[in-house]
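I opened the notebook to record what I looked up in this structure, entry by entry. I wanted the terms settled beside each entry.

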Amino acid sequence: MEVSGMELWLCVLIAATNAALLMVRWSRSHLSWSVVLVVVEVILCYWISNGSVAAILLSASCGCCVIHFTAGRKEDILPVQGKAVLITGCDSGFGYNLAKILDKAGIKVYAGVLEEFGPGAQRLREVSSAQLTILQMDITDVNQISEAHKLIKSQIGEAGLWGLVNNAGVLGHTCDGELLPMRILRKIMNVNFIAGVEVTKVFLPLIRQAQGRIVCVSSMSGEVPFPGFAAYGASKAAVLSYYGALRQELSRWGIKVVIVQPGGFKTNILGNQEDWIKIQKEILSTQPREVIDVYGEEYICSMQHRLSNMTAHACTDFKPVLDDLQHALLSEKPRPFYHPGHNAWAIPVLQRICPTLLFDAIFAQIFPLTSSAQ
């Protein structure tokens with residue numbers, strides 16, 4: 001039977017749209033995005049088929065079926081009794097809020113903080129139960145990691161450690177890769193990748209004992225190269241690669257490794273005006289004069305506005321991230337990747353399907369790069 005061009009295009013359209021719809025549902029995005037995709041699918045089918053009722057009904061029914069079966073999935077959540085979880089970076093942001101939620105749920109939480117008697121740790125003490133333990137845990141300090149391990153091992157016994165959430169991280173500064181001081185680049189790589197690996201390796205025997213979970217908070221910048229985020233993106237790309245391999249290697253012991261890649265959320269990782277000015281001065285004082293002349297001091301001083309814009313547009317509702325972190329820890333069948341937040345899954349997909357020249361052109365509009373040399 002010969003297939004007409006119109007029928008072929010209809011098949012491609014329906015298949016592609018429902019594949020996109022499935023990705024939206026799988027990423028646990030809001031239902032409205034799914035409805036929008038179905039509406040777009042129906043409109044395109046109407047246009048391509050010249051108003052064919054059969055084609056419109058087929059496309060609409062396919063879309064509704066995807067929504068129905070994915071929205072109706074019942075996932076088994078494991079009991080929390082006897083489970084212990086270590087979370088790093090609990091001074092603020094995702095770690096702080098996750099520690100509160102898990103503690104309230106009845107899980108034994110070990111909350112690692114950079115400053116044991118800092119304001120974040122103090123607030124956490126005030127709102128948590130006596131079961132939550134706050135640990136002085138600068139993850140770049142091997143002695144503090146060792147002390148935390150010794151304490152946790154002495155308390156959890158043979159049950160082992162159910163979960164490790166590698167959440168601690170730093171952004172450093174939004175800065176062109178050539179301009180970023182090596183001191184800051186090394187710090188970013190150390191905190192975001194090397195130190196997290198150190199923590200993982202130390203606690204893996206306890207996690208293996210419980211056949212537990214390793215959950216890493218990464219970023220979509222580990223997949224997508226954002227201008228101004230060369231060092232941060234490199235550290236998160238290392239996280240993706242290392243823990244992706246670990247996911248496969250540790251599966252033989254029933255250990256699940258999960259990576260959560262949030263979109264833009266307003267956490268303390270973005271720093272503040274005082275930090276930005278300090279780094280800006282360091283850039284101007286450490287770079288060769290010829291490099292400063294090429295970029296221009298005005299451009300270097302303007303880079304902090306990228307962070308200001310990010311902070312202004314970042315989401316303040318952490319619920320999508322916290323929901324995914326809980327799901328990763330307690331679902332019987334956690335997914336290997338989660339993409340909470342607006343565009344957290346869409347931008348990486350766009351980067352994969354777009355020609356590089358087109359993608360770079362799009363990002364040039366979002367992240368305009370200018371210097372005195374241009």
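I began with the term contact, which here means heavy atoms within 4.5 Å. The model is predicted, so I noted that local features need pLDDT of at least 70 and side-chain atom pairs count only at pLDDT 80 or more, while totals for chains, interfaces and linings use all residues. Residues are numbered from 1 along each chain as its sequence is written, and side-chain values use heavy atoms, with hydrogens and water left out.

I looked up helix H6 (residues 142-156) and helix H7 (residues 182-210); helices (H or I, at least four residues) and strands (E, at least two) are DSSP runs, numbered from the N terminus. From H6, Val142, Ile145, Ala148, His149, Ile152, Lys153 and Ile156 meet Glu198, Val199, Val202, Phe203 and Leu206 of H7. By class, I found nine nonpolar, one polar and two charged residues in this contact, where Ala, Val, Leu, Ile, Met, Phe, Trp, Tyr, Cys and Pro count as nonpolar, Asp, Glu, Lys and Arg as charged, and the others, Gly among them, as polar.

How do the axes of H6 and H7 cross? They come within 10 Å and cross at roughly 20°, the axes being lines fitted to C-alpha atoms, for helices over the stretch in contact, with angles from 0 to 180 degrees between N-to-C directions. The two helices are therefore roughly parallel to each other, a label for angles under 35 degrees.

Entry on the sheet. I traced an open sheet of seven strands in the order E3-E2-E1-E4-E5-E6-E7, with parallel pairing; two strands pair if DSSP finds at least two bridges between them. Strand E3 (133-136) and strand E7 (337-338) stand at the edges with a single partner strand each, so one side of each has no neighbour in the sheet. Four bridges join E1 (residues 84-87) to E2 (residues 108-113), and Val109 in E2 is the bridge partner of Val85. Helix H6 packs on this sheet, touching E1, E2 and E3, and its direction makes about 155° with that of E3.

Entry on rings. I counted six aromatic pairs, taking rings of Phe, Tyr and Trp (its six-membered ring) as paired if their centres lie within 6.5 Å. The rings of Phe193 and Tyr242 have centres 5.9 Å apart and planes at 75°, so I wrote the pair down as edge-to-face, the class for planes over 60 degrees apart. Phe193 lies in H7 and Tyr242 in helix H8 (residues 230-250), so the pair ties together parts that are 49 residues apart in sequence.

Technical notes:
Angles under 35 degrees count as roughly parallel, over 145 as roughly antiparallel, 65 to 115 as roughly perpendicular and the rest as oblique. Rings of Phe, Tyr and Trp (its six-membered ring) pair if their centres lie within 6.5 Å; planes under 30 degrees apart count as stacked, over 60 as edge-to-face and the rest as tilted.
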